[in-house]
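Please consult the sequence and structure shown here.

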Amino acid sequence: MSTLITKVRQRQISQLIEKGKRLDDRALTDYREIKIEEGLIERAEGSAKILLGKTEVLVGVKVGTGEPFTDTPNEGVLTVNAELVPLASPSFEPGPPDENSIELARIVDRGIRESKTIDNEKLCIEPGKKVFVVFVDVYVLNHDGNLIDASALAAVSALLNTKMPNFEIKDGEVKIKQGYTPLSLRSHPVTVTIGKIGDKLVVDLGLEEEQVMDARLSMAVKDDGNICAIQKGGSGYFTPQQIIEASKLAQEKAAEMRKKLKW
Amino acid sequence: MNDKQEKLIDKKGIRLDGRKADELRPLKLEVGVLPNADGSAYVEHGKNKILVGVFGPREMHPKHLSRPDRMVLRCRYHMAPFSVQERKSPAPSRREVELSKVIRESLEPALFLELYPRTGIDVFIEVLQADGGTRCASITAAALALADSGIPMRDLVVACAAGKIEDTVVLDLYDAEDKLGAADVPVAYMPNLNAITLLQMDGTLTPEEFEKAVSMATDGCKQIYPMQKEALKTKYMHIKEETQEETEE
């Protein structure tokens, strides 16, 4: 996911951050402006578009039916996929998902799964035979850094306005009826990614800042403030103290960001 | 979890496999096991059996992936079809792609990539048998294989997981604990530099439990670290013995 920036620019960014400043005058722990638009794709059962500064991510939720996994016959299935659409950045290429898009999808997936946001047992139609499958498709439309937090927030936002089809079982056959029921969520996980630049912890890195970043830590925080999923990325390291510090920062920021969700 | 299931840890703090909360599984590390590789290692961590081969630094294929200012590290974490209960398709799964990435990023901080511009180094990890915690065992073995290849390193990378079963924070989860437990926190660590190079978590922990899990996992890493060094030394002890025998003859 790299876009080339000059060494001069890199040095400028890291020197500023050392002094606690950033190119766009934000504090190290400030997010860019967040705007969420819900339900703009009528064909999808749920959708949301997020603008995080200039980063733009659209998430669509489609609901289908399918067979449950053999080890969880009473549970519906959640599938998260991410597309780094080539029109979003000169560094994205068409073709099968690369490790960056797979990692993005799996981080979003883990945040929703581990927080038990969706009551999977409610998605069961006929145990062992038929269940609802919830497809969450993350579509990156403009890459200006911090795709993880934007995608995770948009995914929860899209689930919040997802309508589940009504159904009835007649003579052993599942029939989809008219009308919809809102998908009820049990949790509202928010993922906060904290980058390490030099020995500073920085929140919501822009595209250029990501080029300077040593490493990042993405943490999914539940409503009660507990963390339910973590992913470290990037070629650098964190000290144990920095990890504890980052987890506290993530909890604080998640509570702020959660206010952007409507429920 | 339903009541019929056996408790993963009993009142005395003994786990299903007989370990205490902060006890590692038995570990066996061996270096220089693959004649064709530039560096190699084999690890048995509990029932995990993992083989790692390192090739390079060598010319990159395809060439356009090489970097003018540094070496490129490539990692491939792969599970053998017979390594798990249900046969796994040999094609790389999304999980394997993600693990290959996080393992690579856990090893990169240990290497001086800028010393070998335009070259590539490949780390091939084959999980022959999986028993929970394969990514950690893979990292421990991969760091050994890299060291065995003779490439300079800032430190060895050691990895070990902590997690939560029932209500207890425990070290080094095996398969059943991983599946039925409440949380799993794999950690990779460079003990000499006090640097954490991999951290993941799934499952919920309170801030106190999380702090405990991270410190328990790094303590586990510190226990494995001397075993890694010993494995490297053992290889050269064998070479020394062999050459002595030859000169005596």
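In which crossing, left-handed or right-handed, does H2(B) pass H4(B)? The crossing of H2(B) past H4(B) is right-handed. The model is a predicted one. In it, helix H2 (residues 134–148) of chain B packs with helix H4 (residues 207–248) of chain B at an angle of about 35°, and their axes are 11 Å apart. The residues that make this contact are tabulated below by helix.

| Helix | Residues in the contact |
|---|---|
| H2(B) | B:Thr140, B:Leu144, B:Ala147, B:Asp148 |
| H4(B) | B:Ile224, B:Gln228, B:Ala231, B:Leu232 |

In chain A, helix H3 (residues 147–160) has 14 residues, which should span 20 Å at 1.5 Å a residue; the end C-alpha atoms of H3 are 20 Å apart, in agreement. Because 14 of the 14 residues of H3(A) are buried, this helix is largely enclosed by the rest of the structure.

The contact between the chains takes 26 residues from chain A and 27 residues from chain B. On the side of chain B that touches chain A, helix H1 (94–107), strand E9 (195–205) and H4 each supply at least two residues. E9(B) gives the most to that side, with eleven residues. The residues of this side of chain B divide into twelve nonpolar, eight polar and seven charged.

As to confidence, the predictor assigns the complex an ipTM of 0.88 and a pTM of 0.92. Chain B has a mean pLDDT of 95, with 98% of its residues reaching 70 or more.

Conventions:
Residues numbered from 1 in each chain as written. Chains lettered and ligands numbered in written order. Predicted model: local features only at pLDDT ≥ 70, side-chain atom pairs only at ≥ 80, totals over all residues. Helix = DSSP H or I, 4+ residues; strand = E, 2+ residues; numbered from the N terminus. Expected span 1.5 Å × (residues − 1). Buried ≥ 20, exposed ≤ 12 C-beta atoms within 10 Å, placed from the backbone. Axes fitted to C-alpha atoms, helices over the stretch in contact; angles between N-to-C directions. Left-handed = near helix turned anticlockwise from the far one by under 90°. Contact = placed C-beta atoms within 7 Å. pLDDT = per-residue confidence, 0-100. Nonpolar A, V, L, I, M, F, W, Y, C, P; charged D, E, K, R; others polar.
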